[in-house]
Amino acid sequence: MKPMIDCFLPYGTAESTVATVNSLRESPIVASVTVMVAPGVEAADVPAGVNVVEIDALKSTGTMRLIAERSEAEYTLLYTGANHLRPGYLALERLSRLAADTDAAMLYADYYAETADGTMKPAPVIDYQEGSLRDDFDFGTLLFINTSKLKEAAAQLDEEYTAAGLYALRLALSRVGELVHINEYLYSDVETDNRATGQKIFDYVDPKNRGVQIEMEKACTAHLKAVGAYLEPKFEDVQLEADGFPVEASVIIPVRNRVRTIADAVKSALSQEAPFDYNVIVIDNHSTDGTTEVLAELANADRRVIHIIPERNDLGIGGCWNLGVRDERCGKFAVQLDSDDVYSGTGTLAAIVNAFYAQRCGMVVGTYELTDINLNTIPPGVIDHKEWTPDNGRNNALRINGLGAPRAFFTPMLREIGIPNTSYGEDYALGLLFSRRHRIGRLYDVLYFCRRWEDNSDAALDRVKMNGHNLYKDRIRTWEVNARRAMNKK
């Protein structure tokens with residue numbers, strides 16, 4: 001077979017770089033290898049015949065243009081890691097054949113992640129779809145790109161990014177062709193992030209990453225404009241003068257098997273000081289660990305506690321919410337409290353209800369602080385979700401993977417929309433739906449303590465479970481992109 005792949009990789013260590021270069025050169029269809037070096041780094045021991053170029057940053061716009069300009073072969077392989085990439089047996093030939101068969105703009109594949117002790121763990125990734133707008137979408141570390149489409153996509157990069165260049169490029173590639181997942185294990189790489197999922201999920205809201213997030217937001221917004229799904233900051237006011245509710249607000253707590261934390265949550269809700277009547281609706285989804293008995297005692301002691309045990313056995317968290325907000329005892333506003341979390345003080349409920357009237361919105365999102373089970377602050381601390389700006393929040397919402405907490409809703413609208421009967425992503429789906437036409441009210445004072453402990457539902461998910469969650473959120477985004485595009489056409 002004739003050489004048909006130009007390969008590009010960053011310089012890591014001398015050892016890993018040489019090992020990757022040698023692994024790539026084992027294939028006769030590799031035409032060239034280029035090592036990209038950051039300023040001030042000496043590229044030691046690079047094998048003869050390898051091109052060495054200086055770049056400003058691996059994921060910058062300038063680097064993406066450089067790769068597009070220098071690649072002359074039919075296909076371009078970009079390695080985004082810094083370890084030893086080992087293509088599988090005949091893997092590059094397989095990628096080349098599938099690239100020809102699919103005419104894809106880019107291919108990516110499942111791979112093996114090598115741990116520190118040398119164990120090879122399967123690392124499956126998920127299919128790309130139009131709603132796969134997360135800037136942390138996991139493609140693995142080997143991107144196999146059609147060079148002609150690479151050049152076409154690179155020509156669309158009209159913004160200078162330091163960190164979002166690769167993100168902007170793959171969004172542009174998705175506009176000129178398909179991004180195809182090959183669900184075959186075609187290479188191996190060293191796993192570098194061994195943290196549990198519960199520690200990773202807040203990376204994108206870590207304050208130290210704010211500058212990067214601003215770049216990512218600009219790139220995503222430009223993409224939404226290009227595909228017709230961008231929404232201008234024009235909102236419909238919500239008419240909040242609804243009558244017939246027994247109380248002004250209800251705190252909604254779905255729960256299953258949280259005997260250790262449920263009393264804290266309910267007592268936190270009952271401690272709220274407000275100039276209006278409220279209640280606490282707890283949907284006890286057939287707990288078996290003593291939670292039911294704790295709730296029965298709390299309900300007997302305070303008439304504001306409404307303890308509901310569903311007749312159905314097929315409800316997720318969203319289904320429990322549907323049951324709670326459709327109960328005749330639900331108030332005008334439904335306010336979220338998870339069964340292992342607590343409000344930060346006695347004024348949370350009043351602040352949220354005031355925000356509805358002040359901001360004329362159908363949904364309010366607050367600010368929370370990450371703590372351990374004993375309310376000690378843990379990194380990254382306060383999560384304010386400042387990406388929810390009035391002018392661009394509902395567009396940027398399609399890029400991020402969460403909305404903040406606590407969340408609250410105007411009950412008539414929530415009843416009309418309905419909540420997906422899932423136990424993951426249901427709140428995100430609601431945020432996208434509400435923001436399609438209405439502003440999201442925001443509060444930036446810490447209203448909520450999100451307690452992280454070993455029994456959190458997302459504390460330590462395996463890769464398959466995490467992939468399922470991400471696939472579902474990408475699907476939600478795909479539906480929303482299509483709906484917004486259709487709304488703009490009207």
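Are Tyr-111 and Tyr-187 both buried or exposed? Both tyrosines are buried, where buried stands for under 20% relative accessible area, exposed for over 50% and partly exposed for the range in between, with a 1.4 Å probe and protein chains only.

The model is a predicted one, in which local features need a pLDDT of at least 70 and side-chain atom pairs count only at pLDDT 80 or more, while totals for chains, interfaces and linings use all residues. Residues are numbered from 1 along each chain as its sequence is written, and side-chain values use heavy atoms, with hydrogens and water left out. The average pLDDT (the predictor's confidence in each residue, from 0 to 100) is 93 for the protein, and 95% of the residues score at least 70. Residues 193-204 fall below 50, and this stretch has 25 contacts in the model beyond near neighbours in sequence, a contact being heavy atoms within 4.5 Å.

Turning to the aromatic side chains, the structure holds 14 aromatic pairs. Rings of Phe, Tyr and Trp (its six-membered ring) pair if their centres lie within 6.5 Å; planes under 30 degrees apart are stacked, over 60 edge-to-face and the rest tilted. The Tyr-111 and Tyr-187 pair is stacked, because the ring centres are 5.1 Å apart and the planes are at 10 degrees. Tyr-111 belongs to strand E6 (residues 106-114) and Tyr-187 to strand E9 (residues 179-190), so this pair ties together parts that are 76 residues apart in sequence. Strands (E, at least two residues) and helices (H or I, at least four) are DSSP runs, numbered from the N terminus. The rings of Phe-137 and Phe-139, by comparison, have centres 4.6 Å apart and planes at 55 degrees, so that pair is tilted. Phe-137 is buried at 6% relative accessible area, and Phe-139 is buried at 8%. Together with Tyr-108 and Tyr-128, these two phenylalanines form one aromatic cluster.

Lysines also meet rings here. Lys-225 lies over the face of Tyr-230, 4.8 Å from the ring centre, and the charged end of Lys-473 sits over the ring of Tyr-428, at 5.2 Å from its centre. Such a placement requires NZ of Lys or CZ of Arg within 6 Å of the ring centre and within 35 degrees of the ring normal.

As for the cysteines, the structure holds zero disulfides, a disulfide being a pair of cysteine sulfur atoms within 2.5 Å. The cysteine sulfur closest to that of Cys-450 is in Cys-320, and at 19 Å it is too far for a bond. Cys-450 counts as buried because its relative accessibility is 11%.
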